[in-house]
Amino acid sequence: MDRKFYLYILRQKKYTLLAMKRLLGEDQIRKKVGRLAGQISRDFAGKEVLLVGVLKGAFIFMADLARKMTPPVKMDFVRLASYGAGTVSSGKVRITKDLETSVKGKDVLIVEDIIDTGVTLEYLSRRLKARRPRSLKTVTLLDKPSRRKVRFQADYVGFAIEDHFVVGYGLDCNEEFRNLSGIYVLK
Ligand code: PRP
């Protein structure tokens, strides 16, 4: 767990040295996803679930979760963006790619890779609730509770983590590293 991986990454014709420390290995993630899928499957037994994946980060988690679920599942995706550029969120969010499916009267489960300030999911769940689903719940693989700026609690949480910058298993740094099988802290 404490091993650091040093990577030379070619970026814009220059090599950059990055230190990565493994936070969660492939096995740990697989077991957790299996447990979450089991719990969700029991809670949604006898219902059809509409999974709403939040692009892009959630796509790998959603693919693994969906394949472990036993109730019938349908899938759709949304993409959101914060207003303004930069690393500090302005706290204002908009939908840049909306659902292609109506959620009205359906049992909806939002699937997210990570909750940080909570701004994205607070906004998305408020917008989706207004479309009158029968039920609306949220699952996140990772949660950083210490970073919250708005009140938001997911119904299902894989791992609560400290305030590290994490990549892998869907999470990126400038679009890199989404395809790593584990989750790594990037220094
Ligand atoms: C990440 C993550 C969540 C959001 C959480 O997405 O996937 O959607 O940030 O942050 P918040 O709780 O502070 O709102 P990101 O904007 O990095 O886009 P990506 O999923 O396409 O990488």
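**A colleague's note on the ligand site and the sheet**

1. Starting at the ligand, one of its oxygen atoms lies 2.9 Å from a polar backbone atom of aspartate 116. Another pairing of this kind involves threonine 117, where an N or O atom of the side chain is 2.5 Å from a ligand oxygen. Both are polar contacts, meaning pairs of N or O atoms within 3.5 Å; within protein, one must be able to donate a hydrogen and the other to accept it, and residues adjacent in sequence count only if both atoms are side-chain atoms.

2. A word on the source: this is a predicted model, in which local features need pLDDT of at least 70 and side-chain atom pairs count only at pLDDT 80 or more, while totals for chains, interfaces and linings use all residues. Residues are numbered from 1 along each chain as its sequence is written, and side-chain values use heavy atoms, with hydrogens and water left out.

3. Around the ligand there are 16 residues, and Glu112, Asp113, Thr117, Gly118 and Thr120 come nearest; to be near, a residue needs a heavy atom within 4 Å. The shell holds 5 nonpolar, 4 polar and 7 charged residues. Here Ala, Val, Leu, Ile, Met, Phe, Trp, Tyr, Cys and Pro are nonpolar, Asp, Glu, Lys and Arg charged, and the others, Gly among them, polar.

4. Which element gives the most to this shell? Strand S6 does, with 4 residues. Helices (H or I, at least four residues) and strands (E, at least two) are DSSP runs, numbered from the N terminus.

5. Lysine 56 deserves a look. Its place is in the loop between S3 and helix H2 (59-68), and a cis peptide bond with omega of about 0° joins leucine 55 to lysine 56. A polar backbone atom of lysine 56 is also 2.9 Å from an oxygen atom of the ligand.

6. Now the sheet: 6 strands form an open sheet with mixed pairing, in the order S5-S4-S3-S6-S7-S8. Strands count as paired if DSSP finds at least two bridges between them. Strand S5 (93-97) and strand S8 (156-160) are at the edges with a single partner strand each, so one side of each has no neighbour in the sheet.

7. Within the sheet, S3 and strand S4 (residues 73-82) run parallel and are joined by 7 bridges. Valine 49 stands opposite valine 73 in S4.

8. Lastly, tyrosine 169 is not a glycine, yet has a positive phi of about 50°. Tyrosine 169 sits in the loop between strand S9 (166-167) and strand S10 (183-186).
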